[in-house]
Amino acid sequence: MMRLDKYLAERLGLTRSESRRKIAAGAVAVDGAVCRQADAKLDENAAQVTVDGRPLGGAYEKYVYLMLNKPAGVVSASRDAREVTVADLAAAAYPRRQLFPAGRLDKTSTGFVLLTDDGAFAHDILAPARHVEKTYLVRLDTPLTAAMQAGFAAGVTLADGTRLAPAAAEPAGEDPCCVRVTLRQGVYHQIKRMFGVYGAGVEALHRLAIGPVTLDPALAPGAWRPLTAAELAALRAAGGKTSR
Ligand code: URA
């Protein structure tokens, strides 16, 4: 159950006071009857709400889950005083939601970022103990070697002594400098630091997949779309939760 003014504000992207003004003006009906009470409680999953006689389409979504193709030059944060953030890219469509990225990519990196306002979901996807794999396409400034592959498989020890979990580095096609990397951890600058142990530099890094969900190739850099129900269910299963 939730308050009518909150429901209307979230569904229509209004401020709470704009929402209350609409309700007070008699523009809002719940289950066929005009309701002028901003604090009236409604069942957000069952109530039929109309505004100016027009039904609000679609089911109420408690949380938002978006797949974004992050372009280079945008920072993985909710907001930033100077830089454009991944949340800024979808903010106009969700003005009342506090979207944040579930997992970060470096400013220069590109690809799949999950934007959500569901903190528990983000935790499940990111918690090291849940082992949700992230897959990246990486271009190195030198060919992939057998030593790098063996080292990644055994678990790389970074320059500062941090011992990482086993990961995978495999050739990605004909170009010996193009590598598909799979991680189950999210340590700061992890891939760059892992290859740095072998004297290799990362020229480009693109996240292809989070767990079983692959970045939609139809999404141009900077574009996003809501996850489908099947993608969300697959991610929840990968994060160890089948329902909520
Ligand atoms: N590892 C990195 O070094 N950078 C990223 O953006 C993601 C993983």
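## Exercises on the ligand and a loop residue

In this predicted model, an oxygen atom of the ligand lies 2.8 Å from an N or O atom in the side chain of Ser 109.

**Exercise 1.** Decide which backbone atoms lie at polar-contact distance from the ligand, and state how much of the ligand the protein buries.

*Solution.* Begin with the cut-off, which for a polar contact is a pair of N or O atoms within 3.5 Å. A backbone N or O atom of Gln 190 is 3.5 Å from an oxygen atom of the ligand, while a polar backbone atom of Ile 191 is 3.1 Å from a nitrogen atom of the ligand. Turning to area, the ligand taken alone exposes 240 Å², and the protein buries 95% of that.

**Exercise 2.** Describe the shell around the ligand by residue class, by helix and by domain.

*Solution.* First list the surrounding residues, among them Leu 105, Asp 106, Tyr 136, His 189 and Lys 192. Sorted by class, the shell has 4 nonpolar, 3 polar and 2 charged residues. Next, helix α6 (residues 190-196) gives the largest share of the shell, 3 residues. Finally, domain 2 (65-128 + 213-238) and domain 3 (134-210) both contribute residues to the shell, so the ligand lies between them.

**Exercise 3.** Is Gly 173 buried or exposed?

*Solution.* Locate Gly 173 in the loop between β11 (168-171) and β12 (178-183). Exposed means over 50% relative accessible area. Gly 173 is exposed because its relative accessible area is 58%. As a further step, compare positions: Gly 173 and Val 156 are 17 residues apart along the chain, and their C-alpha atoms are separated by 24 Å.

Key: Residues numbered from 1 in each chain as written. Predicted model: local features only at pLDDT ≥ 70, side-chain atom pairs only at ≥ 80, totals over all residues. Heavy atoms only, no water. Near = heavy atom within 4 Å. Polar contact = N/O pair within 3.5 Å; in protein donor to acceptor, adjacent residues only side chain to side chain. Areas by Shrake-Rupley, 256 points an atom, 1.4 Å probe, with all protein chains shown as cover. Helix = DSSP H or I, 4+ residues; strand = E, 2+ residues; numbered from the N terminus. Nonpolar A, V, L, I, M, F, W, Y, C, P; charged D, E, K, R; others polar. Domains from an automatic or database assignment. Buried < 20%, exposed > 50% of the residue type's maximum accessible area, 1.4 Å probe, protein only.
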